[in-house]
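Visitor: Can you walk me through this one? I have the sequence and the structure open.

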Amino acid sequence: MAASRDPTAPGYNIARDPALAKNRIYVGNLPMCTREELESICHPYGKVVGSLVQKNFGFVQFESEEIANKCADALNKSTFKSKALIVRNASLKTKAVRKANQALALGGGVGGGVVAGGGVGVGGAPMTVQGGIVMSATAAAPNVVPINDCEIIVVNRDNTKYAEFIEERLTNAGLRVDVLFPNEDVMLGQVLSNISARGCLYAVLVTPQHEALNSITVNILYGVPAEHRNMPLEDAIQLIASDFQIKKERDAVLMIPISSQKSRHPDAMQKLIEMLADNRPLTGLQYECIIKYLQEQHEKQLKVELGEANALAKLQAPDPEIELQKKILSIMNKPAVTEVNSELMYSTFEAVKADARLMELLKDARVMKSLESIYKSELLDTISQYF
């Protein structure tokens, strides 16, 4: 066993200590990034105690081998800054992995058990290592990406049994499910963002309050994201199971290759698109034809990918900037304004601060942009004519 380095020695970095290699992950094909950026994608899986970034690769140190393996399993083949990461437990040496894979290719193994990088498991089943986790070679094949359909986020470990019960129910419904224990200092929004970026379809939130009320919060991450808070457990399980089945059926239809369609665009439209791509001058009417055609194609594709109802919801969703402007105008034109015997909307600065709705809106950066657009328009001149 490698000797542990002295933590008090100058230049000591826990991510280099050979005695703690099992608690560390290796991240290959790493894009240009900082240590903080690399650590940020690892925080949801456990406490990060150290990291090291080099050209094209890096290391992240955790408190235990279990956390390191779970992080490696989740992040392997995931995308970070447009690059597919290669992640494994740092204790698995590249040379050992290569030797084991060669032995596996020759039909051999080591001692009839599981070897470091591959071999033969119980019953002679081919085994390999992916992200530091021993699994069947079939499951770890290059064309099979182990993406969970649902991840259960457990805020308090006291609710582990409740989460495992939910995991069993969803697994029986045909979903690939895992339980996740994020760090307390990681925002839930970041955890959901990371899960969604990996292609996970559903996220289930479990808290002590949920277990007490026999409920869960369900987040649908694909298509038009939706959150169903504090649903009764049975209703939530039924929702996920039925939605998952519908999505599987829809995906089966989408498996028809696009290449089989000989002519995707009408000839006249194809010519206009080619002219646009070649940066050739177009008339206003030609631009309108292209825009209208693309909008129609966009709507059709959304209906195929998301289903009729979800597509309509997405298309009819109001523009958030316009909604913010409406809220601002609503406050400016509320009846209370006309009842004040003053040329100003608020007679004192204290009156401004007392308006809770206004103060809440002003905390939103988008509101400031909306206000700026209003100030630059002719709206103020119009208002000044009547107030």
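Visitor: Which residue forms a salt bridge with Arg229?
Guide: Glu227 does, and the closest N and O atoms of the two are 2.9 Å apart. Keep in mind that this is a predicted model.

Visitor: Is Arg229 buried or exposed?
Guide: Arg229 is exposed, because its relative accessible area is 61% and the cut-off for exposed is over 50%.

Visitor: How many salt bridges does the count come to?
Guide: Three. In general, side chains of opposite charge can pair when their charged atoms come close.

Visitor: What does Lys81 meet in a salt bridge?
Guide: The side chain of Glu37, with 3.0 Å from N to O. Lys81 is in the loop between strand S4 (79–80) and strand S5 (83–84), while Glu37 is in helix H1 (residues 35–40), so this pair ties together parts that are 44 residues apart in sequence.

Visitor: And how accessible are those two, Lys81 and Glu37?
Guide: Lys81 is partly exposed, with a relative accessible area of 42%. Glu37 is also partly exposed, with 31%.

Visitor: What about Glu234, which residue is its salt-bridge partner?
Guide: Arg169, and again the closest N and O atoms are given as 3.0 Å apart. This pair links distant parts of the chain: Glu234 belongs to helix H7 (residues 233–254) and Arg169 to helix H4 (residues 160–172), 65 residues apart. Glu234 counts as partly exposed at 46% relative accessibility, and Arg169 does too at 25%.

Visitor: New topic. Which residues touch the most other members in the largest nonpolar core?
Guide: Ile25, Cys42 and Phe62, out of 29 residues in that core.

Visitor: Which helices and strands each supply at least two residues of it?
Guide: There are strands S1 (24–28), S3 (57–62) and S12 (202–206), plus helices H2 (65–75) and H5 (188–197). H2 gives the most to this core, with five residues.

Visitor: Why would residues like that gather inside?
Guide: In soluble globular proteins, nonpolar side chains tend to be buried together.

Visitor: Back to H2, then. Which of its residues are buried?
Guide: Ile67, Ala68, Asn69, Cys71, Ala72 and Leu75 are the buried residues of H2.

Visitor: And what happens just after H2?
Guide: Lys77 takes a positive phi of about 70° there. Lys77 lies in the loop between H2 and S4 and counts as partly exposed, at 29% relative accessibility.

Visitor: What is the phi of Asn29?
Guide: Near 55°, a positive value in a residue other than glycine. Asn29 is in the loop between S1 and H1, and at 34% relative accessibility Asn29 counts as partly exposed.

Visitor: Now rings. How many aromatic pairs does the count come to?
Guide: Four. There is also one aromatic cluster formed by Tyr26, Phe57 and Phe59.

Visitor: What sits over the ring of Phe181?
Guide: The charged end of Arg157, 4.2 Å from the ring centre. In another place, Lys247 lies over the face of Tyr222, at 5.2 Å from the ring centre.

Visitor: Where is Tyr287, and how accessible is Tyr287?
Guide: Tyr287 is in helix H9 (residues 284–306). The residue is partly exposed, with a relative accessible area of 39%. A patch residue needs over 30%, so Tyr287 passes that cut-off at 39%.

Visitor: Last one. Where is His265?
Guide: In the loop between H7 and helix H8 (267–277). His265 is partly exposed, because its relative accessible area is 22% and buried means under 20%.

Visitor: What separates His265 from Tyr293?
Guide: Their C-alpha atoms are separated by 9.6 Å, and the two residues are 28 residues apart along the chain.

How values were computed: Residues numbered from 1 in each chain as written. Predicted model: local features only at pLDDT ≥ 70, side-chain atom pairs only at ≥ 80, totals over all residues. Heavy atoms only, no water. Phe/Tyr/Trp six-rings, centres within 6.5 Å; stacked < 30°, edge-to-face > 60°. Lys NZ or Arg CZ within 6 Å of the ring centre and 35° of its normal. Helix = DSSP H or I, 4+ residues; strand = E, 2+ residues; numbered from the N terminus. Buried < 20%, exposed > 50% of the residue type's maximum accessible area, 1.4 Å probe, protein only. Core = buried A, V, L, I, M, F, W, Y, C linked by side-chain atoms within 4.5 Å. Salt bridge = Lys/Arg side-chain N within 4 Å of Asp/Glu carboxyl O.
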